[in-house]
Amino acid sequence: MTDFFINWVANIPGFAAPFALAALGLIVSEKSGVLTLGAEGYMLVGALSGVGAILLLGGYPMAALLIAAAVTSLFSLIFAVMTVTLRVNQVIASLAIIFLGQGLTSLIATRAGWLNVPIAGLGKLNVPGLSDLPVVGPILFQQDLVCYLLVPIFVGVVYVLNRTVIGLKLRAVGDGPDAADAAGVSVNLFRYGAVMAGAALVGLAGAYLSIGIAKLWVDGMSGGRGLIAIALVIFARWHPWRALAGAVLFGGIEALIPRVAAIGLQVPQYFVMMTPYLATLAVMVWASTRGRERAAFAMPQALGQPHTREERH
Amino acid sequence: MPILELHDVSKSFDGFQAVADASFDLVPGELHALLGENGAGKSSLMNIVAGLYRPDKGRIRVKGEDVHIDGPSIAKKLGIGMVHQHYKLVKAFNAVENILLAAGADKYRTGLAEVEKSVCEHCEEMGFAVDLKRPVGALSVAEQQRVEILKVLVNGAEIIILDEPSAVLTDSEAAALLKVMRTLAAKGAAVVLITHKLGEVKAFADRVTIMRGGRTVTTADPKGSSLADLTAKIIGQAVCETRHPAKAIGAPVLHLKAITGARADGHRTLHGVDLTLRAGELYGIAGVGGNGQPELAEILMGVNRPTGGTLEFVGAGDISRSNPAERRKLGLVCIPADRATYGLAGELSICENYIVTGVRNGRFGSWTRVNWRSGAASTKDAVSAFEVLGVRSTRQKASLLSGGNAQKLVIARELASPPRIVVAHSPSRGLDARATSEVRRRLLEARDAGAAVLLISEDLDEIMLMSDRIGVMTRGRIVQEFEAPADRQLLGKAMVHHD
Ligand SMILES: Nc1ncnc2c1ncn2[C@@H]1O[C@H](COP(=O)(O)OP(=O)(O)OP(=O)(O)O)[C@@H](O)[C@H]1O
Ligand SMILES: [Mg+2]
């Protein structure tokens with residue numbers, strides 16, 4: 001029983017990391033007021049460019065992760081131009097990004113012959129001295145680099161969002177673009193920046209799926225995780241730490257499924273897909289019954305609204 | 001030498017000329033009042049200076065040099081700061097964060113501390129009370145106005161533009177603000193003051209420029225002209241304000257009994273309000289802002305529940321739990337202080353805003369069908385009867401109306417079918433002299449037609465002019481009642497001296 005437990009918990013970070021990074025990326029992007037539903041597309045682009053980078057470079061998974069983040073960030077320029085400059089409806093632009101991501105990645109993967117090619121990928125990194133500890137060793141100190149970096153990345157992003165002037169401006173652009181504009185903040189610049197920085201994080205999540213977990217590319221391998229990340233963001237009310245907690249929760253459920261199956265219980269995969277949404281619904285119902293002032297402003301107030309200076313609201 | 005010069009500046013929106021060949025100049029050390037009717041183009045002209053609107057044509061010179069103010073950041077570099085009529089505040093941020101954002105500081109923590117210190121100093125100087133911790137969106141209109149002012153004061157500017165800063169402030173706050181402006185002017189700043197309160201202009205302004213229909217018509221010295229002269233210049237005719245006491249006061253229609261209430265954050269603001277409204281009578285509630293007036297208005301509107309007490313509507317029982325629709329059916333209508341939130345849906349058309357209350361009761365169709373033709377026709381009638389200006393089409397967005405005209409639209413809708421009770425909260429806030437007298441006339445008409453009118457206003461002159469009975473509200477209670485005409489001194493005393 002304890003073995004089952006340790007084994008399960010030790011696997012949670014690996015399952016939680018893609019959710020956590022993707023949700024964090026979406027939070028960064030949406031804090032600037034751009035409704036970003038195209039995470040699924042971003043993740044696929046990240047996943048394929050990671051595999052591609054490894055195959056082209058002949059290794060270097062760390063470099064591949066960074067390249068994947070950069071490529072996804074560039075890919076999100078399409079979304080930024082559509083929503084910020086051209087003021088296209090953000091839901092429609094998001095859908096376009098999902099389908100573009102799916103189509104483009106399977107096209108490139110087939111053409112380049114990257115489909116189903118196993119790669120070395122990201123290895124586990126045992127922390128010397130600590131990884132042999134009983135219980136905590138396998139749970140905390142036998143993970144890969146991305147899992148170790150998860151908390152520092154969150155700390156960094158939360159710090160920038162909540163404790164710097166750049167973060168203040170970014171939140172202002174999402175909460176009151178008119179006010180931010182009148183204060184001399186370039187709304188469009190910050191929205192471009194937030195969309196691209198957010199996409200880099202989502203792309204990293206995608207690359208972790210292919211480089212860190214599956215260690216190969218298959219078409220559509222994000223498997224709805226981008227959608228779960230969207231639900232997580234709403235569930236967390238755009239709060240990074242709550243999103244991380246949610247990611248761990250869903251990572252835990254996902255990690256449990258194969259283990260439960262191994263001892264003979266069958267849990268439908270769709271049940272897993274469904275839980276984040278159920279939990280989100282529950283949280284929203286719960287939140288709506290508590291009229292706390294700050295909570296009322298949790299969602300970026302201008303989410304989904306393009307900004308034009310001379311327009312009166 | 002003028003610090004700011006505007007030559008033949010024009011601006012139009014979708015073919016509508018809001019500013020037409022306007023010229024204006026401002027010299028350091030002066031307080032220059034910019035006057036004009038609602039919709040005259042005052043805000044638009046100053047928004048051009050602040051970099052929010054780009055002029056179609058015209059020349060702008062700052063300190064003698066031609067400039068293109070291509071955005072608020074350029075205006076800021078030129079030393080221009082503006083207190084906006086439509087507050088430019090991030091509602092989710094608290095006051096300090098909002099001011100820091102406008103300051104453009106690069107250090108967050110030290111910036112916050114500095115801003116907070118400076119805010120406290122300014123608040124003390126002007127006698128402002130602002131909650132610095134709550135999100136600005138949860139504050140009252142008056143508090144938001146103070147934050148908007150503090151933003152410019154804390155960040156400093158050489159050219160300070162105040163767009164109707166005193167509309168929601170009390171007299172003493174407004175006087176304190178304008179005194180501070182005088183000191184700044186004495187130190188070399190130049191101040192533009194947009195206002196509808198001519199008393200302020202007489203007392204504080206060095207020069208006035210008057211706008212009409214987008215044009216600047218004259219520049220004059222306020223000391224040399226009387227209030228009546230100024231009014232006549234602004235609207236092209238004189239208005240006279242006299243008391244019209246009630247002719248026939250009838251039976252009570254609404255009893256407020258021991259109403260207690262709290263703000264959204266749980267802070268208790270009403271501590272047992274007792275009063276009775278009678279048919280054909282105008283009851284005025286006087287008091288310094290922030291003594292529970294907004295909460296009382298919200299409880300009467302039905303958007304908030306009292307925490308205790310009853311609202312007894314004669315013939316219908318306690319209505320404190322009924323929703324706004326049920327109250328409307330009984331004939332209780334409201335003219336809210338916050339037009340943008342409760343009065344109108346800015347993104348909807350003028351027509352939609354006007355007919356919305358009449359669709360379900362069958363005036364403009366029914367549940368399943370809206371009778372647009374009769375809706376549009378009635379809207380047109382109301383727009384001309386209530387002189388709502390600046391309406392290009394009834395399908396235009398309501399948020400495009402200037403403040404005063406938006407208010408006229410709200411009143412037109414609320415008084416469309418004869419009400420039994422009218423609750424009016426600061427109904428003439430931000431309105432020009434003509435619109436104000438128009439609004440007041442409508443309220444008195446409603447009263448004379450037999451409605452009970454409750455007027456909540458921080459403008460003591462308005463209360464004294466309009467009311468048949470006056471209740472003074474202090475710290476969430478009606479502390480004293482006066483029969484009109486009441487003595488100003490006694491009223492003022494009751495407003496401040498009470499524990
Ligand atoms: N952004 C905009 N888009 C369209 N029309 C506008 C815009 N801003 C102003 N207008 C129109 O220009 C006219 C002048 O408006 P403005 O706000 O300058 O008037 P104002 O003199 O400030 O009036 P008030 O005293 O009511 O504030 C109005 O008819 C208004 O509808
Ligand atoms: Mg104005």
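Select Glu148(B) in this predicted model and display the residues around it: leaving aside neighbours within four places in sequence, Glu148(B) is in contact with Met82(B), Val83(B), His84(B), Tyr87(B), Lys88(B) and Leu89(B). Glu148(B) itself belongs to helix H5 of chain B, which covers residues 141–155. With a relative accessible area of 0%, Glu148(B) counts as buried, because that value falls under the 20% cut-off.

Keep the side chain of Glu148(B) on screen and look for its polar partners. One of its polar atoms lies 3.0 Å from the backbone nitrogen of Lys88(B), and the side chain of Glu148(B) also makes a polar contact, at 3.4 Å, with the side chain of Lys151(B).

Next, colour chain B by domain, with residues 4–235 as domain 1 and residues 252–496 as domain 2. The contact between them draws on 18 residues from domain 1 of chain B and 19 residues from domain 2 of chain B.

Which side chains meet here in a salt bridge? Select Glu37(B) and Arg434(B), whose side chains come together at 2.6 Å, N to O; the count between domain 1 and domain 2 of chain B is one salt bridge. The side of domain 1 of chain B that touches domain 2 of chain B comprises six nonpolar, seven polar and five charged residues.

Now bring chain A into view and select its boundary with chain B, where 27 residues of chain A are in contact with 41 residues of chain B. The area buried between these two chains is about 2800 Å², with 59% given by carbon and sulfur atoms.

Finally, show the chain A helices that give two or more residues to the side touching chain B, namely H6 (145–163), H7 (165–175), H8 (177–182) and H13 (293–296). Among the elements on this side, H7(A) gives the most, with six residues. Colouring this side of chain A by class will show nine nonpolar, six polar and twelve charged residues.

How values were computed:
Residues are numbered from 1 along each chain as its sequence is written. Chains are lettered from A and ligands numbered from 1 in the order in which they are written. This is a predicted model: local features need pLDDT of at least 70, side-chain atom pairs count only at pLDDT 80 or more; totals for chains, interfaces and linings use all residues. Side-chain values use heavy atoms; hydrogens and water are left out. Helices (H or I, at least four residues) and strands (E, at least two) are DSSP runs, numbered from the N terminus. Buried means under 20% relative accessible area, exposed over 50%, partly exposed in between (1.4 Å probe, protein chains only). A polar contact is a pair of N or O atoms within 3.5 Å; within protein, one must be able to donate a hydrogen and the other to accept it, and residues adjacent in sequence count only if both atoms are side-chain atoms. Contact means heavy atoms within 4.5 Å. Domain bounds come from an automatic or database domain assignment. A salt bridge is a side-chain nitrogen of Lys or Arg within 4 Å of a carboxyl oxygen of Asp or Glu. Ala, Val, Leu, Ile, Met, Phe, Trp, Tyr, Cys and Pro count as nonpolar, Asp, Glu, Lys and Arg as charged, and the others, Gly among them, as polar. Buried area is the accessible area (1.4 Å probe) that two parts lose on being put together, summed over both.
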